Amino acid sequence: MSNLYPTIGLEIHAELLTKSKVFCTCSAEFGGEPNSRCCPVCSGLPGTLPVLNRTAVEYIVKAGYVTNCEISRFTKWDRKNYFYPDLPKAYQISQMPRPVCLNGYVDIMVNGKEKRIRVNRIHLEEDAGKLVHDEAARSSLADYNRCGIPLIEMVTEPDFHSAEEVVAYVEKIKLLYKYAGICDCKMEQGSLRCDVNISLAPKDSKELGTRAELKNLNSTKAITRAIEYEIYRQTEIIESGGKVLQETRRFSDSTGETTALRSKEDAHDYRYFPDPDIPPMIFTEEELAAIKADLPELPEQRKERYMSQYGLAETDADNIINDKDICDFYEDAIKAYDKPKAIANFMLGEFMRRINLGEMSMGSLQFAPADLARLIELGDTDKINKNNYKTIFVEMIGTGEKPDAVCDRLDLWVKDDTSAVEAVIDKLIADNPKPVEQYRAGEQKVFGFFMGQANKALKGQATPNTIKAVLEQKLKG
Amino acid sequence: MDLKNITAAKLRAMLDSKEISAREAASEFLSEIKKNDGKVLSFITVTEDEAMKNADAAQKRIDTGNAAPLTGIPLALKDNLCTDGIRTTCSSKMLGDFVPPYSATAVEKLIAQDYTLLGKVSMDEFAMGGSTQTSAFAKTKNPYDTSRVPGGSSGGSAAAVAAGFCAAALGSDTGGSIRQPASFCGVTGLKPTYGRVSRYGLVAFASSLDQIGPIARSAEDCGLILNAIAGADPHDATSKNVPFTDFNEKLGKDIKGIKIAIPKEFYGDAVDDEVKTAVMNAAHEYEKMGAELVDCSISTLRYAVQAYYLISSAEAASNLSRYDGIKYGLRGEGHSFDEMIRDSRNRGFGAEVKRRILLGNYALSSGYYDAYYRKALALKQQIISEYNAVFDKADVILTPTAPSVAYKIGAQDNDPVKMYTADICTVTVNIAGLPAINTTCGYNADGMPIGMSIVGRRFDEATIIQTADAFEKTFTPVRCTL
């Protein structure tokens with residue numbers, strides 16, 4: 001067994017959810033017809049000037065707060081110079097010596113153990129455009145829609161030692177950014193992107209090994225595969241007496257392997273210098289306090305509330321908060337019907353089961369949180385029999401029909417017509433002399449059989465309490 | 001009607017009194033351009049149709065009694081000011097066919113007054129130079145002596161004003177590019193405080209130093225134009241919201257008691273005696289008017305040219321990187337991005353521009369940044385403090401604008417260092433972000449104009465306009481003849 005131990009650091013790029021771009025007023029929405037969301041400023045025409053979007057600055061401050069960073073009172077912008085056809089000005093406006101956020105940390109859970117990951121810095125920059133290569137026509141086309149979309153880059157300390165830890169961290173950051181409302185964290189669309197720095201060294205070594213930087217990791221699965229491949233690759237090199245080269249490597253989803261992109265010697269000299277077009281920014285305490293006050297409730301706080309106020313178990317609370325869409329739906333549902341526990345139970349059961357089965361998805365729900373709340377309320381208040389939840393819910397998933405309408409249409413309302421109940425139970429007793437005998441002989445468990453049969457026959461039109469009372473009375477004989 | 005030597009202020013009165021129509025004014029200048037610009041080569045693009053359209057719009061406004069100060073005044077624009085639908089070349093092959101889809105904010109403000117655009121005038125390529133001889137399209141000549149340079153980089157603007165091709169012009173000034181050509185061509189040129197005029201739509205050379213300003217026949221005209229183009233702009237984060245009412249508000253007021261600082265370093269060996277004499281004569285003229293001369297020192301002047309060329313070239317190297325031939329401008333050839341970009345830039349840029357790009361990238365390179373760029377920034381701070389100290393005891397500063405009068409075309413072609421050193425008198429003003437105005441204070445034995453510069457406190461353009469105007473009222477200019 002190898003005694004080599006991986007040390008890993010992360011860079012996470014996140015596109016901010018501002019309405020407009022970071023230095024102009026173009027829409028910052030994803031996609032669009034190529035070059036339909038750009039203007040003279042973001043396409044770098046001569047004479048145009050960037051003007052900083054204050055909302056983007058607020059968002060990066062929020063990113064700093066949710067990751068426990070210090071916020072610099074004085075911050076400024078620099079130019080990172082390099083030629084590439086997707087970068088219209090041939091420099092990216094970024095931040096070098098004075099980023100907005102410094103020295104934070106994020107706690108993650110791995111295998112039931114908490115671990116603290118240190119955040120070195122987070123800075124604000126502009127995204128570049130996209131090139132589309134047409135191999136057949138031997139040509140490349142540039143789409144500048146993405147140019148100038150605000151991007152934050154978080155750099156962690158090399159505090160990770162496994163792919164598992166890295167994935168836990170990325171998931172945690174996605175959750176924090178989503179809750180803070182600053183990024184939609186869609187890795188598949190590139191709104192959250194990861195670079196991984198990884199090196200291997202003997203476990204007791206004080207010095208780190210030579211690192212490789214892995215690019216193009218657009219899913220947590222890719223992160224895991226790339227790290228695992230890289231550990232294997234570097235182990236092979238070191239154990240066969242070779243030397244790992246400091247280089248940037250690209251991960252290929254199709255082969256599962258990393259290949260060299262460029263070596264340290266080919267690294268760009270970015271010739272950073274302060275951008276003379278954008279004056280430095282100074283935050284006042286009042287401004288920072290206002291941004292902090294604007295932060296919504298974060299997942300940890302929600303979880304705490306669910307446990308202490310709603311009495312949910314920790315795993316149940318985790319299961320709800322771990323998906324912000326589900327959690328927001330839950331929040332809205334309990335606003336409509338203030339029975340958090342009953343709604344949580346339904347959502348953790350039937351609701352999530354249907355999602356996992358692929359029968360519904362949060363992005364395209366046919367019904368509103370208030371509709372679900374109404375369903376639970378109907379059951380809670382004995383307007384319907386809870387055994388009919390599933391029947392009604394399936395209708396809601398399929399067509400978005402309101403629970404009351406489903407009950408009308410399928411005649412699912414509780415009638416509590418005692419004579420109807422009595423008639424059904426009289427027939428049951430008459431048809432099942434043997435179980436009746438057993439019950440009267442003291443076999444209590446056959447009561448359940450009668451309950452089930454009565455429920456079935458009554459199609460949920462009577463409440464279990466009524467059925468139970470009539471049954472008990474009739475079975476006594 | 002001869003408008004060659006008329007000021008914009010006088011033309012305003014003539015337009016308002018219907019002594020002349022806006023169309024007649026435009027036609028007069030256009031015919032002058034046709035007749036004589038072949039000798040001066042100041043225009044790159046003459047916008048005759050545009051001028052007539054503008055004039056008609058202006059006339060309507062005049063006829064309804066709603067004329068603004070520049071309504072119907074025919075102006076020329078330096079060709080680095082973006083004009084919507086009109087090509088803007090920066091005198092570079094790189095942008096030879098570039099037609100911007102927007103106008104500079106300063107131009108928009110002129111349009112709002114219904115000025116008349118006569119055309120776009122030549123300059124040193126991307127405003128890099130002091131002779132207008134690096135222009136790829138029109139190597140402008142000095143109207144006082146066409147064997148001499150008009151100065152630069154706003155040489156086309158200064159020459160067109162001096163030759164009587166327009167009532168006034170806009171130029172831009174990064175290290176003296178308004179004041180020095182104004183000095184060489186015997187006209188008045190104002191570089192406003194950094195942040196006074198929006199840079200939006202001015203094709204950037206060195207962003208922390210560039211300012212747009214007027215070149216005209218009088219300080220008063222400079223004030224009129226500055227009134228129109230000044231003000232904070234949401235499209236330029238470096239523009240400043242410093243309120244003003246009228247930059248000409250102090251015109252004609254007594255300058256008695258005003259303190260004029262004479263920094264000794266500006267009167268050293270680098271400056272020709274005939275220039276020093278003319279400027280000192282003007283200083284004594286001011287004394288006669290009751291001004292007080294104060295000795296002072298700007299000791300960092302000896303490092304100013306170096307600091308200026310490091311800062312301006314570093315910014316230029318970055319600003320000009322966008323010209324890769326991909327989105328607009330000259331498109332080169334090649335089998336890869338790199339080859340194509342290289343070929344575009346190699347063919348599109350002239351030698352001086354390439355020299356500055358190399359210098360700037362060198363100064364910013366890792367390992368050299370601390371030795372060059374960082375030191376230049378430190379010098380900038382020192383220059384600012386020295387100017388602050390001078391303004392503690394004086395209201396304005398008086399210096400020569402250039403070490404010599406306009407030199408012969410070709411005289412500095414092979415000596416860039418000599419050419420750079422000639423900027424000594426003007427660059428510190430840009431580094432410190434101060435306003436300064438050049439006006440003519442004499443002529444040498446060959447009849448070539450000599451200019452002096454009056455430098456003011458930040459955002460105190462009114463005082464330097466007043467001071468320049470006071471001298472102009474005592475001085476009879478000798479206009480050139482072509």
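Predicted model: local features only at pLDDT ≥ 70, side-chain atom pairs only at ≥ 80, totals over all residues.

Student: Okay, where does Arg322(B) sit in chain B?

Tutor: In the loop that runs between helix H9 (301-319) and helix H10 (337-348) of chain B.

Student: And is Arg322(B) buried or exposed?

Tutor: Buried, and without a salt bridge. The nearest side chain of opposite charge is Asp277(A), 5.7 Å away.

Student: Which backbone oxygen lies 3.1 Å from a polar atom of the Arg322(B) side chain?

Tutor: The one of Gly44(A).

Student: What else does Arg322(B) touch, leaving out residues up to four places away in sequence?

Tutor: From chain A, the list includes Leu45(A), Pro46(A), Thr48(A), Pro88(A), Lys89(A) and Ala90(A), along with Gly44(A) and Tyr91(A). From chain B, Lys327(B) and Tyr328(B) are among them.

Student: Switching to backbone geometry. Which residues does the cis peptide bond with omega of about 10° join?

Tutor: Gly152(B) and Ser153(B). Ser153(B) is in the loop between strand E3 (116-121) and helix H5 (155-162) of chain B.

Student: What about phi of Asn111(A)?

Tutor: Positive, about 50°, although Asn111(A) isn't a glycine. Asn111(A) lies in the loop between strand E6 (101-110) and strand E7 (113-126) of chain A. Arg271(A) also has a positive phi, near 45°, and is not a glycine either. Arg271(A) is in the loop between strand E14 (258-263) and strand E15 (273-274) of chain A.

Student: Buried or exposed, for Asn111(A) and for Arg271(A)?

Tutor: Asn111(A) is exposed, with a relative accessible area of 63%. Arg271(A) counts as buried, at 15% relative accessibility.

Student: Now zoom out. How many helices and strands are in chain A?

Tutor: 15 helices and 16 strands. Chain A is more spread out than a compact globule, because its radius of gyration is 30 Å, well over the 23 Å that the globule rule gives for 477 residues.

Student: What box do the C-alpha atoms of chain A fill?

Tutor: Roughly 95 × 60 × 55 Å, taken along the principal axes.

Student: And how much of chain A is buried?

Tutor: 49% of the 477 residues count as buried. As for surface, chain A exposes about 22,700 Å², with carbon and sulfur atoms supplying 49% of that area.

How values were computed:
Residues numbered from 1 in each chain as written. Chains lettered and ligands numbered in written order. Heavy atoms only, no water. Helix = DSSP H or I, 4+ residues; strand = E, 2+ residues; numbered from the N terminus. Buried < 20%, exposed > 50% of the residue type's maximum accessible area, 1.4 Å probe, protein only. Lys, Arg positive; Asp, Glu negative; His and termini not counted. Salt bridge = Lys/Arg side-chain N within 4 Å of Asp/Glu carboxyl O. Polar contact = N/O pair within 3.5 Å; in protein donor to acceptor, adjacent residues only side chain to side chain. Contact = heavy atoms within 4.5 Å. Rg over C-alpha atoms; globule rule 2.2 N^0.38 Å. Areas by Shrake-Rupley, 256 points an atom, 1.4 Å probe, with all protein chains shown as cover.
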